[in-house]
Amino acid sequence: MAASVRLLLRRAIRLSHGNTNVTAAETAGRSGRRLAPSTCRCFGDAAGDRSTHFGFETVPEAEKAKKVYKVFENVAHHYDTMNDAMSLGIHRLWKDALLHAMHPQPGAQLLDVAGGTGDIAFRFLEYVRSQRERQRRRAVRAVQTPSWRDISSSYSSEEDGEEAGPRESGAVVCDINKEMLKVGKRRADSAGVTAGLSWVAGDAEELPFDDDQFDIYTVAFGIRNVTHIDQALKEALRVLKPGGRFMCLEFSKVTNPVLARLYDAYSFNVIPALGEVIAADWKSYQYLVESIRKFPDQEEFKFMIEDAGFFCVKYYNLTGGVVALHSGFKL
Ligand SMILES: C[S@@+](CC[C@H](N)C(=O)[O-])C[C@H]1O[C@@H](n2cnc3c(N)ncnc32)[C@H](O)[C@@H]1O
């Protein structure tokens, strides 16, 4: 009931402004909500004058994607080492938490956007492999000591022709940056992970996939780099199957003020310095830290996901809000 009233209100706002393509920031602004810095667009007189942020810098919108591309091209070869160094290895726990919340089953098809060097896809394939193994062991046990339920379900699955089992799971890593993909592919080859994995160069704002293709869409530490987050969210909705799930890991707002001050001191002083020592690149890592501060907080990002058309949107804070895991469904 509340959802349908909200939908009607949203439609009425759109009609009253004669615009069917209202961005999250615009809707938020009209309804008096705080505008998230990264969704604010400054409009100049001419259409080409739009500006946005690149870290703490203000740049023309058309420039941001090129600058972001350069950052990840520069960091690609040190990306995994730097991730461990900057987060003291904790990024692995955040990614594990994503998989744990996702709990994918054999047969699931994943699209990992801004997937970089493949961390999420590798975890996904490993997770479904262990699920499949667990199910296989359970089936063997059931054959050795069948209960009446096992016997009856084996008859019904034979009748339904279910013997073949679910189809293979697949993971597609999609990233705009060819260097990041190259490093990822090399990692996959040396770890012998190739089955069910593909690498696609593509922009989150204009995904090179048909509608209704994937069961799960993930984006980990990538969406804050995208110029038009609202457009990327719409694309996520488009490529998911009905019932599919959107999941995003992103740096967010630390809720505890003491932890927030420590975290600020660490990120502004230590991270660019680590970047300089490990990758001889202070500026790229300064951008990464600044871009975190420009990203909407947990609640604002939740509104944006809802505005894109997702349902049951929730988020969970990890490490006191250093990172938030947002989740929503396409219905
Ligand atoms: C911080 S990395 C995250 C990589 C990986 N998801 C992880 O968690 O380790 C951000 C990634 O976003 C990618 N990216 C930035 N803008 C993008 C866009 N518009 N479309 C697709 N990928 C993008 C970058 O190339 C980079 O690989």
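**Contacts, helices and the ligand shell**

Setting aside residues up to four places away in sequence, Phe54 touches Val59, Lys64, Lys67 and Tyr287, where two residues are in contact if their C-beta atoms, placed from the backbone, lie within 7 Å. This is a predicted model, in which local features need pLDDT of at least 70 and side-chain atom pairs count only at pLDDT 80 or more, while totals for chains, interfaces and linings use all residues. Residues are numbered from 1 along each chain as its sequence is written. Phe54 belongs to strand S1 (residues 51–54); helices (H or I, at least four residues) and strands (E, at least two) are DSSP runs, numbered from the N terminus. Phe54 counts as buried because it has 22 C-beta neighbours inside 10 Å. A residue is buried if 20 or more other C-beta atoms lie within 10 Å of its own, exposed if 12 or fewer, and partly exposed in between, with C-beta atoms placed from the backbone. The C-alpha atom of Phe54 is separated by 6.9 Å from that of Ser291, although the two are 237 residues apart along the chain.

Overall, the protein has 12 helices and nine strands. Of its 331 residues, 36% are buried. Among contacts with a separation of 6 or more, 70% are between residues 24 or more positions apart.

Helix H8 (residues 178–191) has 14 residues, which at 1.5 Å a residue should span 20 Å, and this agrees with the 20 Å between its end C-alpha atoms. The expected span is 1.5 Å times one less than the number of residues in the helix. Within H8, Met180, Leu181, Val183 and Gly184 are buried. These residues cover an arc of only 160 degrees around the axis, which puts them on the same side of H8; the arc is that of the directions from the helix axis to the C-beta atoms. An α-helix has 3.6 residues a turn, so residues three or four places apart point the same way. The face turned away from the buried side of H8 carries the exposed residues Arg186, Asp189 and Ser190. Covering the buried residues of H8 are, among others, helix H3 (61–75), helix H4 (79–87), strand S4 (170–175) and strand S5 (197–201). After H8 comes Gly192, with a positive phi near 70 degrees.

The buried residues of H6 are Asp119, Ile120, Ala121, Phe122, Arg123, Phe124, Leu125, Tyr127 and Val128. Their cover includes helix H5 (90–102), strand S3 (109–113), S4, S5 and S6.

Around the ligand there are 20 residues, the closest being Ala114, Gly116, Asn177, Ala204 and Gly222; a residue is near a molecule or strand if its C-beta atom, placed from the backbone, lies within 6 Å of it. The shell has 11 nonpolar, five polar and four charged residues, with Ala, Val, Leu, Ile, Met, Phe, Trp, Tyr, Cys and Pro counted as nonpolar, Asp, Glu, Lys and Arg as charged, and the others, Gly among them, as polar.

An unreviewed UniProt entry places the feature "binding site" at Thr117, Asp175, Asp203 and Ala204; UniProt positions are given in the numbering used here, feature names are shortened, and annotations may be inferred rather than shown by experiment. Asp203 sits in the loop between S5 and strand S6 (214–220), and Ala204 is also found in the loop between S5 and S6. Asp203 is partly exposed, with 18 C-beta neighbours inside 10 Å, whereas Ala204 is buried, with 24 other C-beta atoms within 10 Å. Beyond four places in sequence, Ala204 touches Val113, Ala114, Val226, Ala232 and Glu235.

Val226 itself lies in the loop between S6 and helix H9 (229–239) and is buried, with 23 other C-beta atoms within 10 Å. Apart from neighbours within four places in sequence, Val226 is in contact with Ala204, Glu205 and Ala232.

Leu88, in the loop between H4 and H5, has a positive phi near 55 degrees and is exposed, with 8 C-beta neighbours inside 10 Å. His103, in the loop between H5 and S3, has a positive phi near 45 degrees and is exposed, with 9 other C-beta atoms within 10 Å.
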